Amino acid sequence: MLQIGQLVDGKYKILNKVGQGGMSVVYLAMNEKANKQWAIKEVRKDGVKDFEVVKQGLVVETDMLKRLSHPSLPSIIDVIEDEDTFLIVMDYIEGNPLSKILEEYGAQPQKNVIEWAKQLCDVLGYLHTRHPAIIYRDMKPGNVMLKPDGKVTLIDFGTAREFKEKNLADTTCLGTVGYAAPEQFGGMGQTDARTDIYCLGATLYHLVTGMNPCEPPYEIKPIRSINPMLSSGLERIILKCTQRNPEDRYQSCAELMYALEHYEEIDDIYRRRQVKKIAAFAISSILTIGCGITSAWGYTSAEKKKSENYFEILKTADSAEDYYDAILTDPVKKDAYIQLNDFLIEDYVLTSDEGQKLKQLQIGLDQKNNRGFSERVDVFNEFRESNRDDYIDVCYAIGESFLFSYDVSVDMDRYVNAASWFESAKEKYPITDIYCDMADCLEAINQYGNAKVKQTEKMYEQYKVLWEQIKKLEQKTEQSDGIDSKIQVWNEINNIINHNIMQFLDITDLDQIKALLEQIDQRAETVNESVVQEDIKNLRKSISESIKKINSAEEIS
């Protein structure tokens, strides 16, 4: 067992014990050189039956987390193994598990639970959209950490698994009784995304009622039978999540997220209010019919008014929702899409949340219909069909935002997200073809590198293709007139090379790589525009650091 004050691996000083499970102990440690705290999970070999089986599970868990990047997931920093222990160094998540919050305070406020539910739905949706999909399988209050800022983090991936489409059933029955879906205990096929939706529903039930589904009467009842003050909309959501048959649940986290964001609209009180509004609307409709003879004139006036409303909204817009309103007012105009994109990258960074606001355009925007209920409007399809040229410009602009500004640590995520927009811009912007090919390469590299049996040969074939695409990209840059665009692409080429030096070392002559970077450096040196001199200076400094890294790699090899 680790001791307080002990130095692990020459750099992690153990400060104190922060938790203990059946097979492991978690410590708070400090990397004094970096002045940063980490959590160290220790699994000792003595006293653990079939340690190799346990170790295999730990390796799967750490490998899985290493390739994930999401604000609600911890990052794995290091894995240390010696004769007696297996140590996992990861982010230290400050706060308390929701199970402790329940134990101390009982049922939680409905507003808080719904906010946590959205965050958990978002992270599960992220896991389910990996390639292959990752099924978490053990959602429960004890595995959710509530941080001081009100955000939650999902911990403990010991039971998570990658979804295998051809599997008829899971090989093991894992999860926590009470929260686990029926299919986790055999006889109903393998677990999938709908399994996590069941577990999340059971977790929400516990949080909002204080009734533990692991204890008698071992059932999930309508929440308003426990607390009549709770929303009937939330009650319907939880009951649908926890249906025995997966086909009767929400079929994806996107579908569940939509319900959570609109839970008030399926509430009984809300519906009664809408009935009154519909009655009032019916009366006004009868009066409107009497004015039908002026419809042609009215249509022209309405179109003019719509245009006036559109630009009035844009004039005062100061949030993504305001730009959504403008887009819903006139989905076929370009201005609101471009201004939304510019608004979100005003600080030159596109966060994960801001990225979701842009992705919402592809999914559709919510608008109240004439009965007062929300319905999803496919604005982008209407835009594409009515104004294709401007639609292509918007897709290209948003693709650039994901490629050059998206705040994620994994290049693949930037490229794959950008490619989903660039696909629609290829006919007008040929450079997007290269970006899409690079996205395919990076996705394939990730897949081959993370396979159970690492497919090194195929992975390096993709690095060869990636290197050829980088050379094409550099050549294409010379055809660009805008110096800002050139600087963006030059930075991108340098970053991709810098992140993959050792891989490129195995597939090409490093003199070629240095020559390419030096050529970009020479071209950057000739740029005279004063407004970009700071950017040019930073670019040339980064190129110099990459060349030093190449020289070091050359010496090692």
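The model is predicted: local features need pLDDT of at least 70, side-chain atom pairs count only at pLDDT 80 or more, and totals for chains, interfaces and linings use all residues. Residues are numbered from 1 along each chain as its sequence is written, and side-chain values use heavy atoms, with hydrogens and water left out.

**Stop 1: a salt bridge**

Select Lys 11 and Asp 78. They form a salt bridge, with the closest N and O atoms 3.9 Å apart. The partners come from distant parts of the chain, 67 residues apart. Asp 78 sits in strand β5 (residues 76–81), while Lys 11 is in the loop between β1 (7–8) and β2 (12–20). Helices (H or I, at least four residues) and strands (E, at least two) are DSSP runs, numbered from the N terminus. A salt bridge here is a side-chain nitrogen of Lys or Arg within 4 Å of a carboxyl oxygen of Asp or Glu. That rule gives a count of 25 salt bridges.

**Stop 2: cis peptide bonds**

Go to His 131 and Pro 132. A cis peptide bond joins them, with omega about 0°. Pro 132 is in the loop between α3 (110–128) and β8 (134–135).

Next, select Pro 216 and Pro 217. Here too the peptide bond is cis, with omega about 10°. Pro 217 lies in the loop between α4 (193–209) and α5 (232–241).

**Stop 3**

Select Tyr 348, Phe 404, Ser 405, Asp 484 and Gln 488. Of the 25 residues lining the second largest pocket, these lie nearest its centre. Its volume is about 780 Å³. A pocket is an open set of points on a 1 Å grid over the protein atoms alone, where a 1.4 Å probe fits, with protein on both sides within 12 Å along at least five of seven lines; lining residues have an atom within 4 Å of a point. The volume is the space filled by probe spheres set on the points, which are joined across faces, edges and corners.

Now show the helices. α10 (335–344), α13 (388–405), α17 (483–499) and α20 each supply at least two lining residues. α17 gives the most, with seven. Helix α20 covers residues 533–556 and includes Glu 534.
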